[in-house]
Amino acid sequence: MMEKNVESSHAGSDKTKSSPQENRKQIMCYSKNVETSSDSSMAGSDKAKSTALLDRANEFVAKLPSDDPNFVKLMLPSQVSGGFWLQWPKDFCQKHMPKKDEYIVLLDENEKEYDIKYLAQKSGLSGGWRGFSIKHQLSKGDVLIFQLVDSNKFKFKVHIFKAKGGSRKLERDNGLLNSEGKVASEIAKDVKETESFNILWNGEVIDSEISEHVRSQYYQLCCSQKSGLHDGLVKCIDKKLAAGIISETVKIADAIRAAEITTTSCNDVQRWDQTLKGFEGMGMNVAFLRAAIKNILDSIQRKQQEKIKRKTNERAQAEKEMRNLETQLANVKKKIRVLDDEINNVLRAQNEKHEHSFKEAASAPS
C-alpha cells in the first residue's frame with residue numbers, strides 16, 4: 001500500500017537514531033515507492049517535491065530530541081479530503097499509543113492545541129482530524145512529522161512541510177464554512193455571525209434542511225469543539241439523514257442545558273444517551289455531550305440516593321414513634337382495665353350491701 005510505503009517511524013529512545021546518510025538512503029527508498037504506487041495522478045514534478053520534502057523531514061527528525069518518539073507521514077488524498085481518515089504506523093501505535101479509544105492532542109507550530117479522537121483498534125485519527133487538516137490547509141504531498149512530546153497526555157507536536165501553497169478549496173467542499181470563507185472553528189463565538197454561516201454536506205449546503213434555531217445552536221456546538229461535529233460521519237448517508245442527525249443532536253444538547261436534577265427523568269436522559277451513542281457509531285462527534293449526560297445521570301443518581309437515605313431515616317423515625325405510641329396505647333389500655341376492675345369492685349360491694357339491707361328489712365317482724 002502506498003500509505004505504508006511513505007511513512008517513517010522513529011521510536012526515540014527505543015531505537016538508535018539514524019545518521020543523515022542513512023536517512024537520505026531511506027528517503028530515496030520512499031521516493032521509489034511513491035513512483036511505483038497506484039497513485040498515477042502524481043506528476044513527475046510532484047514526485048520530485050515529495051522526495052525533497054521527505055529529505056527535509058528526515059533531516060529535521062535527526063535534530064529532534066532522541067527521547068521523543070516520532071514518525072514521518074506523507075499526506076495522501078484520502079487523508080486530507082473526502083474521508084479524512086489518517087492511519088498511523090501500527091508499530092508506533094503498539095509501542096506508544098493507548099490501547100483503547102481516547103482523545104489525544106495535536107500541537108501545531110503556533111502552540112495551538114487540537115483534541116483529536118484516536119481509534120485504538122484501527123490505529124488512526126478520526127473525529128477532529130478533518131478540522132485540523134482544513135485549518136492548516138493540508139493537501140496531497142504535504143509531509144508531516146508527529147513528535148510525541150508528552151506521553152502521559154498523548155500530546156504530539158506536528159511539524160508541517162508544505163508541498164505547495166495552501167488552498168481554501170477543501171473548506172468549500174467539506175465541513176463548515178461561512179460566506180466570507182471562514183472555517184467555523186476560526187469564527188468568534190458570536191451568534192450574530194451565524195447569519196453568514198453555512199452547513200455543508202458532501203459539497204452541498206444543507207441549510208434548507210435545518211431550522212434557523214438548529215443552525216445557530218449547531219454553530220455554537222461546533223465552535224465549542226473547534227470543528228464540525230459531523231466531520232467524521234460516514235459519507236454514504238444522504239443530506240436529509242445528515243440534517244436529521246444534526247437537528248437531533250442540537251435538540252438533545254438543548255435538553256441537556258435545560259435539564260434540572262430534581263425534575264428531569266432518568267429514563268429521558270438515558271434515551272438521549274442511547275440516541276447519541278447511535279450517532280457516535282456513525283462517526284458524529286458527540287462524546288462531549290455523552291460526557292455531560294453521564295454527569296447528569298451521576299447527579300440524578302446521587303440525588304436519588306440522598307433522597308432514599310433521607311426517606312429511610314424518616315421511615316425509621318416514624319417506626320420509632322409508632323412503637324412509642326403503641327407502648328403508650330398498651331399502657332392506657334392496661335390502666336383502663338384496672339379502672340374497670342376497680343369500678344366493678346365498688347359496684348359489687350354496693351350491691352352486696354344493698355342486698356343485705358333488703359334481707360334484714362324483709363325479715364323484721366311487722
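Biologist: How many aromatic pairs does the structure hold?

Modeller: The structure holds eleven aromatic pairs. Rings of Phe, Tyr and Trp (its six-membered ring) pair if their centres lie within 6.5 Å; planes under 30 degrees apart count as stacked, over 60 as edge-to-face and the rest as tilted. One of the pairs joins phenylalanine 71 and tryptophan 88, edge-to-face, at 4.9 Å centre to centre with 65° between the planes.

Biologist: Before we go on, what kind of model is this?

Modeller: This is a predicted model, in which local features need pLDDT of at least 70 and side-chain atom pairs count only at pLDDT 80 or more, while totals for chains, interfaces and linings use all residues. Residues are numbered from 1 along each chain as its sequence is written, and side-chain values use heavy atoms, with hydrogens and water left out.

Biologist: Where do phenylalanine 71 and tryptophan 88 lie?

Modeller: Phenylalanine 71 is in strand E2 (residues 70-74), and tryptophan 88 is in the loop between strand E3 (86-87) and helix H5 (90-96), 17 residues apart. Helices (H or I, at least four residues) and strands (E, at least two) are DSSP runs, numbered from the N terminus.

Biologist: Are those two buried or exposed?

Modeller: Both phenylalanine 71 and tryptophan 88 are buried. Buried means under 20% relative accessible area, exposed over 50%, and partly exposed in between (1.4 Å probe, protein chains only).

Biologist: How is the pair of tryptophan 88 and tyrosine 118 arranged, tilted or stacked?

Modeller: The ring centres of tryptophan 88 and tyrosine 118 are 6.3 Å apart and the planes are at 45°, so this pair is tilted. Because tyrosine 118 belongs to strand E5 (residues 113-119) and tryptophan 88 to the loop between E3 and H5, the pair ties together parts that are 30 residues apart in sequence. Tyrosine 118 is buried, with a relative accessible area of 1%.

Biologist: Which residues do the ring pairs link into a cluster?

Modeller: The cluster consists of Phe71, Trp88, Phe92, Tyr118, Phe146 and Phe156.

Biologist: Changing topic, what is known of isoleucine 145?

Modeller: Isoleucine 145 is found in strand E7, and its relative accessible area is 0%, so it counts as buried. Valine 158 is 13 residues from isoleucine 145 in sequence and 5.6 Å away in space, C-alpha to C-alpha.

Biologist: Which residue has a positive phi although it is not a glycine?

Modeller: Phenylalanine 154 has a positive phi of about 50°, and lies in the loop between strand E7 (143-150) and strand E8 (155-161). Lysine 226 also has a positive phi, of about 65°, although it is not a glycine. Lysine 226 sits in the loop between helix H8 (212-225) and helix H9 (239-258). With 40% relative accessibility, lysine 226 counts as partly exposed.

Biologist: And asparagine 285, where is its place?

Modeller: Asparagine 285 is in the loop between H10 and helix H11 (287-363). Its relative accessibility is 10%, so asparagine 285 counts as buried.

Biologist: With which side chain does the side chain of asparagine 285 make a polar contact?

Modeller: The partner is the side chain of tyrosine 103, at 2.9 Å. A polar contact is a pair of N or O atoms within 3.5 Å; within protein, one must be able to donate a hydrogen and the other to accept it, and residues adjacent in sequence count only if both atoms are side-chain atoms.
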